[in-house]
Amino acid sequence: MASEPDVPTTAADLRRQLAAGLETDGWLRSPEWRAAVEAVPRHRFIPRFYRESQAPGVTTWEPVTPETVGKEDWLRLVYSDETWMTQFDGRDIDWADPKPISNAVPTSSSTLPSLVIRMLEDLDVHAGMNVLEIGTGTGYSTALMCHRLGSEAVTSIETDEGVARRAREALARSGYLPDLVVGDGRAGHLDGAPYDRLIATCGFRNIPPAWLEQVRPGGVILTTLRGWMRSLGLIKLIVTGDSASGWFSEDEPSFMIARQQDAPESLGMVPGPDEGTKRKAEYGPKVLTSSGSGFMAQLAAPDARFFSMPVDGGPVSTFVLDGVTDSFAVLAPTDSGWEVRQGGRRRLWDAVESAVATWEEHGSPSTAAFGMTASRDAQVIWLGSPNGPQWPLPSS
Ligand SMILES: C[S@@+](CC[C@H](N)C(=O)[O-])C[C@H]1O[C@@H](n2cnc3c(N)ncnc32)[C@H](O)[C@@H]1O
């Protein structure tokens, strides 16, 4: 029988390998963050987790612990560049007898190390700065910041009590004692303000006004934005007085949406076959799922969601439903393209087509061509410059 690995020694080796890989791939760019990756024991933060099963069919997650896969494989997985799930549907896992999980939505995880590190590098922190983190999760990213800046410089907010308790224990066992707050990160944490930097590792539908008040002028807010159809990607805002503005990154990283902003369970009323007014559609439903046009559709219809299904045994139609404005657009194939039927307070497909056309007129740019300005009263995403075409973000 192969001998059991010595956990501290093996983990230290694997951390060095992880850091080297992140550096080779260009995510890790500074010696300070490299030292943090090499020092923080990720295995203390994810002693048990779930990974997606390779089996075909419905998405299923299987437990990974030293007992289920053996210590060596567990450590190898812990220190690989992967996101590992630690909670589903807001419910704690019975680790005394963990079972495979399916038909569930992940609600907490330890994020992909390359994404964590890339965001920490983008955050542009320096010794002496203080940071507010939203979404403590397992506490791994919190620990990296504590290592780099000192525990007294780090405040982290987690909305889930059980998740927060486990993070607190893992942090303390690893020698880190940041200010940990249980609550809704949208309110920030006034006691520790003003902050030099704010980083969110869950996605938000807009920039919470409290963040604008609690980050000092000149400070940075780094967060992903997302809607109910898709992620809008990562935005880095510089705070100036009571507003903030900045640009999206080139790629579109995605985080789980803040719990309080998740889409309502019901999709809303599906329109009857005679409801709404019909016209020829300029674009078919593919614009919803293609990368650049999907971003535009999310901007144009921020409260909408969509699904496709065959109607009356006929061809597949795509239903775009907005329960906030009680509006719908139904796209059905015709011999020569697509027809759209719209109804309700907003002409959803008119808005989507207009946004996609604007994007095409500007040369179909990546998300790096977009930025946003956020103030207490208004939040808009713009194309090219603050004076370019604009789309408002939802206010809640
Ligand atoms: C992707 S995980 C965070 C990963 C974490 N930074 C790490 O390294 O392990 C996102 C976390 O955000 C938390 N969360 C969701 N909504 C929140 C909110 N409104 N305020 C604070 N935390 C929230 C979730 O409970 C979850 O634990």
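## Ground rules

The model is predicted, so local features need pLDDT of at least 70 and side-chain atom pairs count only at pLDDT 80 or more, while totals for chains, interfaces and linings use all residues. Residues are numbered from 1 along each chain as its sequence is written, and side-chain values use heavy atoms, with hydrogens and water left out.

## Helix 1 and what covers it

Let's start with helix 1, which runs over residues 7-24. (Helices are DSSP runs of H or I with at least four residues, strands are E runs with at least two, and both are numbered from the N terminus.) Helix 1 has 18 residues and reaches 25 Å from its first C-alpha to its last, close to the 26 Å expected at 1.5 Å a residue. That expected span is 1.5 Å times one less than the number of residues. After the helix comes Gly 26, with a positive phi near 90°.

Several residues of helix 1 are buried, among them Val 7, Ala 11, Arg 15 and Leu 22. Here buried means under 20% relative accessible area, exposed means over 50%, and partly exposed is in between, using a 1.4 Å probe and protein chains only. The cover over these buried residues includes helix 2 (31-39), helix 3 (42-45), helix 5 (71-78) and helix 6 (113-123).

His 43 sits in helix 3. With 11% relative accessibility, His 43 counts as buried. It touches Val 7, Ala 11 and Arg 15, and its other contacts include Trp 74 and Tyr 79, leaving aside residues up to four places away in sequence. A contact here means heavy atoms within 4.5 Å.

## Two residues in strands

Gln 379 belongs to strand 19 (residues 379-383). It counts as buried because its relative accessibility is 12%. A polar atom of its side chain lies 2.5 Å from the backbone oxygen of Ile 207. Leaving out residues up to four places away in sequence, Gln 379 touches Ile 207 as well as others, including Asn 206, Trp 391 and Leu 393.

Now for Ser 102, in strand 4 (residues 101-102). Ser 102 is partly exposed, with a relative accessible area of 34%. Although Ser 102 and Trp 61 are 41 residues apart in sequence, their C-alpha atoms are 6.2 Å apart in space. Ser 102 touches Thr 59 and Thr 60, again not counting residues up to four places away in sequence.

## Empty spaces

Rolling a probe the size of a water molecule over the atoms shows where empty space is left. On a 1 Å grid over the protein atoms alone, a cavity is a set of points where a 1.4 Å probe fits but cannot get out, while a pocket is an open set with protein on both sides within 12 Å along at least five of seven lines; lining residues have an atom within 4 Å of a point. Grid points are joined across faces, edges and corners, and a volume is the space filled by probe spheres set on the points.

The structure has one cavity of 30 Å³ or more. The largest cavity holds about 50 Å³, and its lining includes Phe 204, Arg 226 and Leu 393.

The largest pocket holds about 1,000 Å³. It is lined by 47 residues, and Pro 106, Thr 107, Phe 255, Met 256 and Ile 257 are the closest to its centre. Strand 5 gives the most to this lining, with five residues.

Note on methods. A polar contact is a pair of N or O atoms within 3.5 Å; within protein, one must be able to donate a hydrogen and the other to accept it, and residues adjacent in sequence count only if both atoms are side-chain atoms.
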